[in-house]
Amino acid sequence: MSAASIAAEVEVVGGQPVSAQTIRCTLHQIGLHGCRPRRKPLLKMMHKKTCKQFAEDKQTKDMDYWNHVLWSDETKIRMVSSVCGGNQVRSTKTSVSCLVKHGGGSVMVWGCMSAAGTGEQQFIEGTMNGNIYCDILKQSMIPPPFGD
């Protein structure tokens, strides 16, 4: 609930008006801090239909097919230093910060999986582009020719 909705409910139950700021301060004093839900990407109906069609198309594939599939993805993890209720907190980008004091750096991580298991994580410096992606595949996924 928001501080404003709590204040309205307190006024209805107790009969005395209370400001939302008073509610926030009281909650902070007892160690409760507000947060916002993490933003999620919007899935449009077109995206849902495409995902469903993909799943239906692959549903009948045999194990030989899946033995030749490699799934990969990358993500950027950012660290920030925050001040929440007087305490300094280190958190990732998925956490909500009260007050960002200064940045803490970031790292790009690439990983993959297949029917054989998971691949080795790769840490990428700078921006991921096609050349870097191909280099990762050459170094991590393609076995060397016989004799090397």
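Analyst: The chain has an average pLDDT of 80, and 78% of its residues score at least 70; pLDDT is the predictor's confidence in each residue, from 0 to 100. Because this is a predicted model, local features need pLDDT of at least 70 and side-chain atom pairs count only at pLDDT 80 or more, while totals for chains, interfaces and linings use all residues. Residues are numbered from 1 along each chain as its sequence is written, and side-chain values use heavy atoms, with hydrogens and water left out.

Helices (H or I, at least four residues) and strands (E, at least two) are DSSP runs numbered from the N terminus. Over residues 91–100 pLDDT stays under 50, and the model has 23 contacts beyond four places in sequence for this stretch, a contact being heavy atoms within 4.5 Å. Where pLDDT is low, the predicted coordinates should not be read in detail.

As to the aromatic residues, the count comes to 4 pairs. Rings of Phe, Tyr and Trp (its six-membered ring) pair if their centres lie within 6.5 Å; planes under 30 degrees apart count as stacked, over 60 as edge-to-face and the rest as tilted. F54 and W71 form an edge-to-face pair, 6.1 Å centre to centre with 80° between the planes. This pair links distant parts of the chain, since F54 lies in helix α3 and W71 in strand β1 (residues 70–84), 17 residues apart. F54 is partly exposed because its relative accessibility is 41%, and W71, at a relative accessible area of 40%, is likewise partly exposed; buried means under 20% relative accessible area, exposed over 50% and partly exposed in between (1.4 Å probe, protein chains only).

W110 and Y133 also form an edge-to-face pair, with 6.2 Å between centres and 80° between the planes. Here too distant parts of the chain are linked: W110 belongs to strand β3 (residues 100–114) and Y133 to helix α5 (residues 130–140), 23 residues apart. W110 counts as buried because its relative accessibility is 0%, whereas Y133, at 27%, counts as partly exposed.

F54 and W71 belong to one aromatic cluster together with Y65 and W66. The charged end of K61 sits over the ring of Y65, 4.9 Å from the ring centre; the criterion is NZ of Lys or CZ of Arg within 6 Å of the ring centre and within 35 degrees of the ring normal.
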